[in-house]
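Open the model in your viewer and keep the selection tool at hand.

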Amino acid sequence: MEVVTMTKNNGGTGTRTGNTGENTGGPNGTYDVVVVGGGAAGLSAALVLGRARLRTLVVDAGEPRNAPSDHMQGYLTRDGMSPAEFLALGREEIARYGVSLVRDRVVDVSRDGDFAVRLAGGRTVRARRLIVTTGLRDELPDVSGVAERFGRDVLHCPFCHGWEVRDEPFGVLAAGPQSVHQALMVSRWSADVRLFLHTVAEEELSDEDLRRLAAAGVGVVPGEVAGLRVEDDRLTGVLLADGTAHDRSVVFVAPKAVPQTGLMERLGAELHETPFGAYPVVDATGRTTVPGVWTAGNAMGFAEQVVHAASGGYRAAAAIVGDLIMSDLDAAVTE
């Protein structure tokens, strides 16, 4: 049996995939992968890519969705860590593997062979593959005090914050009939929950909604909410437009999710509509319908928590490593 040994060529396509061990950009700002977004998904992807010896650049605008929160929960071994500390540690880790990070914003992407990625600072870099982790933006209800208290005692996710405020009197500020679901969910963490209908009419609630709310012990309060009562920098109540007040120390809201899909639209990615906005169509690894483009985190769905985002970034990066290896091997065979 004849054994054929193939040797790795450190020139040609080999240098493009980092065989020299260097992860910095090549000539004229060329990278194997550019990661757009430096949150949990982007940093997790960059860590995998750096360890795979791929030239990787992370472009981070520095606007994480969870910035208003003092802590994050439900991430094994990182439960209670501040989001800022989590990201700082992530940036330190990717730097160990030569991954570059620039504080900037991607304003445009085009393709002519490789991707041309234009940054707000005026620089254009090139990449063979892209991972877009631009997340989403939360639009809060226009109620006095909500934006100022968001992430402190105005909350949106019981899995993120429910344990820390358990057994306190909750309010749920309705943003639509779907807020019934939120009120029912948060009743797991407190027996004292009131659903403030705000601009939702009582007749919009179905009989099934009312039966479930009653079974959960959730009180329904009609009338528009005028604002929040705050004393000594603590939320103490919900104020209605008719002048009445309800003592509450925590209010849950359901922000409107606004996906950051501008780059995906420029690239021509297929999107699909969900109750929480339009998101890219992806496979199990986060691969979009645009060849060479992956996504992860809240850029691919509303419900991605930090732990999901980190996992998604890992999956996307691992898929890209395999994709580039096969692409280079196919090119070498052709040559």
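Start with D232, in the loop between β12 (225-231) and β13 (234-240); helices (H or I, at least four residues) and strands (E, at least two) are DSSP runs, numbered from the N terminus. The model is a predicted one, in which local features need pLDDT of at least 70 and side-chain atom pairs count only at pLDDT 80 or more, while totals for chains, interfaces and linings use all residues. Residues are numbered from 1 along each chain as its sequence is written, and side-chain values use heavy atoms, with hydrogens and water left out.

Phi of D232 is near 50°, a positive value in a residue other than glycine. With a relative accessible area of 77%, D232 is exposed; buried means under 20% relative accessible area, exposed over 50%, and partly exposed in between (1.4 Å probe, protein chains only). Select T77 next, in the loop between β2 (56-60) and α3. Its phi is near 75°, again positive in a residue other than glycine. T77 also counts as exposed, at 62% relative accessibility.

**The whole chain**

Now zoom out. The protein chain has 9 helices and 19 strands. Along the principal axes, its C-alpha atoms fill a box of roughly 80 × 45 × 40 Å. Of its 335 residues, 45% are buried. Among contacts (heavy atoms within 4.5 Å) with a separation of 6 or more, 61% are between residues 24 or more positions apart.

**The open sheet**

Colour β8, β15, β9, β10 and β11: they form an open sheet of 5 strands in the order β8-β15-β9-β10-β11, with parallel pairing. Two strands pair if DSSP finds at least two bridges between them. Which strands stand at the edges? They are β8 (154-155) and β11, each with a single partner strand, so one side of each is left without a neighbour in the sheet.

Select β9 (residues 170-173) and β10: the two run parallel and are joined by 4 bridges. F170 stands opposite V193 in β10.

Move on to β11 (residues 218-221), which runs parallel to β10 and is joined to it by 4 bridges. There, V220 is the bridge partner of L195. The unit made by β10, helix α7 (residues 207-216) and β11 is a right-handed β-α-β unit too.

**Aromatic rings**

A pair of aromatic rings is described by the distance of the centres and the angle of the planes. Rings of Phe, Tyr and Trp (its six-membered ring) pair if their centres lie within 6.5 Å; planes under 30 degrees apart count as stacked, over 60 as edge-to-face and the rest as tilted. By this rule there are 4 aromatic pairs.

Show F159 and W189: their ring centres are 5.7 Å apart and their planes at 85°, so the pair is edge-to-face. F159 belongs to helix α5 (residues 158-161) and W189 to the loop between α6 (179-186) and β10 (193-196), 30 residues apart. F159 is exposed, at 59% relative accessible area, whereas W189 is buried, at 18%.

Then show F276 and F302, a stacked pair with 4.3 Å centre to centre and 10° between the planes. F276 lies in the loop between β17 (271-274) and β18 (277-280) and F302 in the loop between β19 (293-295) and α9, so the pair ties together parts 26 residues apart in sequence. F276 is partly exposed, with a relative accessible area of 40%, and F302 is partly exposed, at 25%.

One more ring: R166 lies over the face of W163, at 4.0 Å from the ring centre. The rule for a charge over a ring is NZ of Lys or CZ of Arg within 6 Å of the ring centre and within 35 degrees of the ring normal.

**The nonpolar cores**

Finish inside. A nonpolar core is a set of buried Ala, Val, Leu, Ile, Met, Phe, Trp, Tyr and Cys residues joined through side-chain atoms within 4.5 Å. In the largest one, of 29 residues, V33, L49, F86, I131 and I320 touch the most other members. β1 (30-36), α2 (40-51), α3 (83-95) and α9 (306-334) each supply at least two residues of this core. With 8 residues, α9 gives the most.

Centre on V33. Neighbours within four places in sequence aside, V33 has contacts that include L49, L54, A127, I131, I320 and L324. Last, select Y31, F115, V132 and L267, which are among the 20 residues of a second, separate core.

Methods
A crossover is right-handed if, with the strands pointing away from the viewer, the path from the first strand over the helix to the second runs clockwise.
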